[in-house]
Amino acid sequence: MRHLVLVLGDQLDADSTAFVGFDERQDAVLMMEVAEEATYVRQHKARLVLFFSAMRHFRDELAARGWPVHYRKIDDRENKGSFAGEIEAQVRRLKPRGLVVLQPGDYRVLDSLRETARRLELPLDVRADGSFYSQPSEFAEMAKNGRKVILENFYRAMRKKHGILMDGVKPVGGEWNFDEQNRQPLTKQARLLLKPPALPEPDEVTREVMRVVEKRFRNSPGSLAQFDYPVTRGQALTALDDFIAHRLSHFGAFQDAMSAGEPYLFHSRLSSSLNLHLLSAREVVDAAVTAYRKRRAPLNSVEGFVRQILGWREFVRGLYWTHMPEYAGLNYFDATLPVPRILWTGETDMNCIRHAAGMLHERAYAHHIHRLMVLGLYSLLLGVNPYRFHEWHISMFTDAIDWVSLPNALGMSQFGDGGIMGTKPYSASGAYINRMSDYCKACRFDPSKATGEDACPFTTLYWDFLSRHYEKLQNNARMRMQLNNVNRRDKSELVEIRRRADDLKSTTV
């Protein structure tokens with residue numbers, strides 16, 4: 001055998017650069033479901049089912065092409081339990097002259113594969129991932145000599161380079177982004193426009209995986225009762241078409257909105273398909289831009305959606321590979337607490353967390369504002385260790401591959417990197433949640449109060465957070481207004497806020 005091509009669970013693309021030059025007469029594919037990857041952190045049952053089912057469907061797609069695929073299922077008796085063990089066993093049996101792999105989405109996995117190849121004395125060809133618009137080397141060049149890379153600058157450079165939503169050298173519509181139009185709470189009129197997404201029914205392959213997961217991982221968090229993720233490229237394309245036709249036009253205005261009983265609103269729910277490579281960034285962006293060109297969606301919605309993929313997604317990947325492995329150990333606020341129990345269970349009187357964590361339990365899904373400004377915000381204000389928060393994020397979300405989770409969770413959400421990812425902590429009181437959702441109306445806590453039995457824990461912890469970290473934050477120009485408000489607080493009230501915050505930490509962790 002010439003090459004044994006390793007295909008990982010987030011690399012399910014038949015047009016991957018890993019297959020460039022593939023010859024079914026000389027090469028073969030190896031795919032592995034292993035316990036090590038399923039248990040290195042606790043994982044939501046839906047996350048496990050999504051990966052294993054999508055992998056098995058992809059195996060069948062490659063086999064239908066006549067490609068030799070060696071596949072190890074999680075419940076195979078001979079399963080070695082790790083990538084290293086499986087690769088070594090297959091190398092002994094097949095005797096390839098070299099290994100090929102698409103760049104993994106996890107530094108830990110790449111390091112392990114390189115070590116395995118060294119031990120087996122085989123060359124490992126790590127190929128650049130062409131499903132993205134950019135390569136990490138582009139970000140590294142921008143960050144050379146310690147230069148800070150700002151998302152907005154990176155996004156504009158990407159727009160110019162790839163000619164996306166551009167009118168010559170200027171952005172279409174005269175503005176680079178339309179954030180001011182895209183921060184509306186859900187209105188009654190908008191609620192009438194909501195159309196549930198087209199969701200695939202589990203087929204026999206998926207149902208078999210569900211049975212295996214329920215048996216083997218019965219103590220894992222989450223439920224499979226509402227599993228409805230795309231597990232094939234065809235299903236992912238249907239989901240993309242459905243989003244473009246029915247929700248993109250209103251996505252922009254209401255992308256930050258939250259509402260009880262509405263897990264999806266106008267969001268695409270395409271991130272897991274993108275991160276498993278069932279869809280490419282280019283085809284998703286092209287579909288959105290085409291909708292704008294054909295006047296099927298307004299510019300503010302299309303630009304907001306494109307920015308999430310062409311800007312944010314590419315930016316965090318570049319940042320991850322430029323700053324790893326040191327990045328994983330950053331902890332700017334020296335936060336030490338574990339992830340609070342209520343983020344795993346949703347069992348709390350706080351209505352916003354109950355809804356957001358409840359969605360996670362049921363669907364392994366919550367959109368970006370639930371993640372950042374409810375679940376993440378609570379952890380930041382409480383003082384949760386940022387890497388532990390990242391591990392929880394990996395555990396509970398189907399789309400949380402390490403390269404995208406670590407910068408978003410540790411960096412943006414918890415400000416553990418001290419400003420590499422963003423320019424300030426995303427700190428806010430309960431007033432933000434009240435403005436962007438209907439959760440507070442049905443909650444026993446008052447978002448306007450920081451002390452007292454009915455004080456909103458977010459508001460209490462917000463003032464405690466600013467007070468505790470005043471010295472570290474005072475040199476951040478973007479925090480000046482918030483810190484000035486701390487100075488206006490009565491000293492005795494700040495003492496009471498600290499006491500109540502300490503009580504919250506001792507009872508919710």
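The model is predicted, so local features are given only where pLDDT is at least 70 and side-chain atom pairs only at pLDDT 80 or more, while totals for chains, interfaces and linings use all residues. Residues are numbered from 1 along each chain as its sequence is written, and side-chain values use heavy atoms, with hydrogens and water left out.

**Cysteines**

- With a disulfide defined as a pair of cysteine sulfur atoms within 2.5 Å, the count comes to 0 disulfides.
- Cysteine 352 has its closest cysteine sulfur in cysteine 440, and that distance of 6.4 Å is too far for a bond.
- Cysteine 456 is likewise in no disulfide, the nearest cysteine sulfur being that of cysteine 440 at 6.2 Å.
- Buried here means under 20% relative accessible area, exposed means over 50%, and partly exposed lies in between (1.4 Å probe, protein chains only); cysteine 352, at 8% relative accessibility, therefore counts as buried.
- Cysteine 456 also counts as buried, because its relative accessibility is 8%.

- Two strands pair if DSSP finds at least two bridges between them, and strand S1 (residues 3-7) pairs with S2 in the parallel sense over 4 bridges.
- S2 is also joined by 4 bridges to strand S3 (residues 69-72), and these two strands run parallel.
- Methionine 31 of S2 stands opposite valine 7, and methionine 31 also stands opposite tyrosine 71 in S3.

**Helix H3**

- The expected span of a helix is 1.5 Å times one less than its number of residues; for the 12 residues of H3 (residues 83-94) this gives 16 Å, which agrees with end C-alpha atoms that are 16 Å apart.
- The buried residues of H3 include Phe83, Ala84, Glu86, Ile87, Ala89, Gln90, Val91 and Leu94.
- Where contact means heavy atoms within 4.5 Å, the elements that cover the buried residues of H3 include S1, S2, helix H1 (35-39), S3, strand S4 (98-102) and helix H4 (107-120).
- Lysine 95 follows H3 and has a positive phi, near 55°.

**Aromatic rings and charges**

- Rings of Phe, Tyr and Trp (its six-membered ring) pair if their centres lie within 6.5 Å, with planes under 30 degrees apart counted as stacked, over 60 as edge-to-face and the rest as tilted; by this rule the count comes to 24 aromatic pairs.
- Tyrosine 107 and tryptophan 321 have ring centres 6.3 Å apart and planes at 40°, so this pair is tilted.
- Tyrosine 107 lies in helix H4 and tryptophan 321 in helix H13 (residues 299-323), so the pair ties together parts that are 214 residues apart in sequence.
- Tyrosine 107 counts as partly exposed at 27% relative accessibility, whereas tryptophan 321 counts as buried at 14%.
- Phenylalanine 243 and phenylalanine 251 form an edge-to-face pair, 6.2 Å centre to centre with 85° between the planes, and both residues are buried.
- One aromatic cluster is formed by Phe139, Phe154, Trp312 and Phe315.
- A charge sits over a ring if NZ of Lys or CZ of Arg is within 6 Å of the ring centre and within 35 degrees of the ring normal; arginine 269 lies over the face of tyrosine 229, at 4.5 Å from the ring centre.
- Arginine 489 has its charged end over the ring of tryptophan 463, 4.1 Å from the centre of that ring.
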